[in-house]
Amino acid sequence: MSSNLKIITNILHFVNKNILRFKFGRKFSQYLKKDTMGDRLRYFPNPKPVFSPKFGVASIPQEQIRDSLNEMVLRISKEFPATDRNAADGIYLGTAGIGYMFYHVSKHSTFSFNKDIYLQKALQYIQPALKAAQSTKSLKDFPSFILGPAGVYAVAAVLYNSIGDANQSQYFRELYYESSKYCSEPNFLNCGSDELFVGRAGYIMGALWLAKETNTPLRKSDLYSLCKIILASGRKYALSTRSPCPLMYSYYQVEYLGAAHGISSILQSILSVPGYLDENPSDANDIKISIDYLLSIQTPEGNFPAATDDIGHESKLVHWCHGAGGVFYLMAKSYLVFQEEKYLQSCRRMADLIWHKGLLKKGPGICHGVAGNGYVFLIMYRLTSEPQYLYQAICFYQFMESDAFKSNARTPDCPFSLYEGVAGTVCFLADLTDPLSAAFPFSDIF
């Protein structure tokens, strides 16, 4: 490779690696204003009839869903191969996310006839991601679950466990657990150390998923220690900024509220650690007050602002990353933990909003697309057993198959990836065939 070509290649890699920080980081406020003002209608009007009790329990179109899923999987395999070039940016954009997709599908009985093939494909896709992860030199990047090495190691550990390779599974589990020591420093990241994509909340969610999927003991002492650090960090920041909430956090100097980088997923991660609230009642009190603070700023139509500087303004983002589609998981988990009806009512309001404004023009993905919003209905169905939510989930799938969507939805920047592209849609479709086990990737509240 010539020196000039090498320089250009390195520049392109740098731009690709940092595009998410530009899009979701410190420049989010300008991006948000441009994004919301530039498109007055961010969603397709929902053409489906409102659910009526006379509909009964919706029939899941299993064969149609299987055909759709198989078509998407073939496209991914053909157009996004398991190469080093496609391995960067962890499970969010890279081949590790595709490996997770194949594993996710392999667990469903609907696709059991292809289980071995899916697992082999998953292993194929994890290899270049492992190579990229093991070349990471910055220690502060190691604990990153969604965007960095830790998430890749977790997926690898689960995959090797699924094929019965105990030694390899343990090796990658240990690499994952070892990375926790790097995020025990209170400010190990200058941009913000507590959020989901690169911070402690993501590490905790990954550890919970890893222990569950491999049926191995949860390292509670490590997680309890990280919870303590997150609580101390949130209290310190809230005090310094005179926040009305006892816990608050910032990422690239923005006080996000949603799932991607905000307080909702941070609190959800702590709520999900078994036994922590019972053993730490003062922390539990601050967490509950913080959840109720978020509840108090839910808009009349059911949405949540993307960040604190958006409170009081119209909230147009109805995504998993920012808005109701992601805050939903905190409120649903709060309902399960505290058994207070107000949290379930909050979830109902979010689901109603998503039914009307959740058919996003941004595409089919789970981060800021239709499948991510469709997951809310699957989780509501698990929470309540009410048939309207299964009906709504099926309607969102059917709309993604419509000519109106295929002709007019935008193509994501990374159209085959787990979070932005159709790999996440594949996970949603697989879960739709078995709704009582549905769970948004790495965010199972049950």
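**Helix packing and salt bridges in the predicted model**

H16 and H19 run roughly parallel to each other, a label given to angles under 35 degrees. The axes of H16 (residues 370-384) and H19 (residues 422-432) come within 9 Å and cross at roughly 25°. Helices here are DSSP runs (H or I, at least four residues), numbered from the N terminus. The crossing of H16 past H19 is left-handed. On the H16 side the contact (heavy atoms within 4.5 Å) uses Ala371, Gly374, Tyr375 and Leu378, and on the H19 side Thr425, Cys427, Phe428, Asp431 and Leu432.

This is a predicted model, so local features need pLDDT of at least 70 and side-chain atom pairs count only at pLDDT 80 or more, while totals for chains, interfaces and linings use all residues. Residues are numbered from 1 along each chain as its sequence is written, and side-chain values use heavy atoms, with hydrogens and water left out.

As for charged pairs, the structure holds 18 salt bridges, each a side-chain nitrogen of Lys or Arg within 4 Å of a carboxyl oxygen of Asp or Glu. One of them joins Asp444 to Lys212, with the closest N and O atoms 2.6 Å apart. Asp444 sits in the segment after H19 and Lys212 in H9 (residues 200-214), so this pair ties together parts 232 residues apart in sequence.

Asp283 pairs with Lys228 at 3.1 Å, N to O, and also with Arg235 at 2.6 Å, N to O. Asp283 lies in H13 and Arg235 in H10, so that pair ties together parts 48 residues apart in sequence. Lys228, Arg235, Asp283 and Asp286 are linked in a salt-bridge network.

Methods: Axes fitted to C-alpha atoms, helices over the stretch in contact; angles between N-to-C directions. Helix = DSSP H or I, 4+ residues; strand = E, 2+ residues; numbered from the N terminus. Parallel < 35°, antiparallel > 145°, perpendicular 65-115°, else oblique. Left-handed = near helix turned anticlockwise from the far one by under 90°.
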